[in-house]
Amino acid sequence: QIYRDLIVAKSTSMTDCTPRVNGQQMQHFKGRTVILACAIQALEDNDTVAKVMTCDGMNVSVHLTQSEKQLSNKTEFHGIVGSDGQSLQETNRIELTDDFNLELYSQAVAHMHGKYRHLFMNN
């Protein structure tokens, strides 16, 4: 029942679909809003840029909405992919627990863009 409700909710709001992506897939979403789960590597530029490693091992720069002295080790960023396809302008974030499994997340994202794309994407 819950699964069916998720599918119905998703299908009624196809225009509002925000895709979850890995580092490699960011190239296909330049200028679009996405969700990116990653591991924080470092803060740079007066703590306004987070250097992160995506669930598929790529390095990405996330331009934060405000300066941060500390972020959770793993964070889910919502933001707009830059024209280079390797940067993200943060619009929101959710801090994840340290035991969040990025490898399993990577597998889920692969399925969302592969075999089960029709369930998660509007194109």
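Colleague: Is Lys-51 buried, partly exposed or exposed?
Modeller: Lys-51 counts as partly exposed, at 29% relative accessibility. Buried means under 20% relative accessible area, exposed means over 50%, and partly exposed is in between, with a 1.4 Å probe and protein chains only. Before we go on, this is a predicted model: local features need pLDDT of at least 70, side-chain atom pairs count only at pLDDT 80 or more, and totals for chains, interfaces and linings use all residues. Residues are numbered from 1 along each chain as its sequence is written, and side-chain values use heavy atoms, with hydrogens and water left out.

Colleague: Thanks! Which residue forms a salt bridge with Lys-51?
Modeller: That's Glu-44, with the closest N and O atoms 3.9 Å apart. A salt bridge here is a side-chain nitrogen of Lys or Arg within 4 Å of a carboxyl oxygen of Asp or Glu. Glu-44 is partly exposed as well, at 34% relative accessibility.

Colleague: How many salt bridges does that rule give?
Modeller: The count comes to 4. One of them joins the side chains of Arg-20 and Glu-76, at 2.5 Å from N to O. This pair links distant parts of the chain, with Arg-20 in strand β1 (residues 20-21) and Glu-76 in strand β5 (residues 74-81), 56 residues apart. Strands are DSSP runs of E with at least two residues, numbered from the N terminus.

Colleague: What does Arg-93 pair with?
Modeller: Arg-93 meets Glu-68 in a salt bridge, 3.2 Å from N to O. Arg-93 sits in strand β6 (residues 87-96) and Glu-68 in the loop between β4 (59-63) and β5, 25 residues apart. Both residues are buried. They also belong to a salt-bridge network that includes Glu-90.

Colleague: Switching topic, how many aromatic pairs are there?
Modeller: The count is 1. Phe-100 and Tyr-105 form a tilted pair, 5.6 Å centre to centre with 55° between the planes. The rule takes rings of Phe, Tyr and Trp (its six-membered ring) with centres within 6.5 Å; planes under 30 degrees apart count as stacked, over 60 as edge-to-face and the rest as tilted. Tyr-105 is buried, with a relative accessible area of 9%, whereas Phe-100 is partly exposed at 24%.

Colleague: What about the largest nonpolar core, which residues touch the most other members?
Modeller: Met-26, Val-52, Val-62, Phe-77 and Leu-88 do, out of 16 residues in that core. The elements giving two or more residues are β2 (33-44), β3 (49-54), β4 and β5, and β2 has the largest share, with 4 residues. Apart from it lies another core, of 8 residues, among them Ile-35, Ala-39, Leu-96 and Leu-102. A nonpolar core is a set of buried Ala, Val, Leu, Ile, Met, Phe, Trp, Tyr and Cys residues joined through side-chain atoms within 4.5 Å.

Colleague: Which residues is Leu-88 in contact with, leaving aside neighbours within four places in sequence?
Modeller: Among them are Met-26, Val-34, Leu-36, Val-62, Phe-77 and Ile-80. Contact means heavy atoms within 4.5 Å.

Colleague: Last one: where does Ser-83 lie?
Modeller: Ser-83 is in the loop between β5 and β6, and it counts as exposed at 68% relative accessibility. Its C-alpha atom is separated by 8.6 Å from that of Gln-27, 56 residues apart along the chain.
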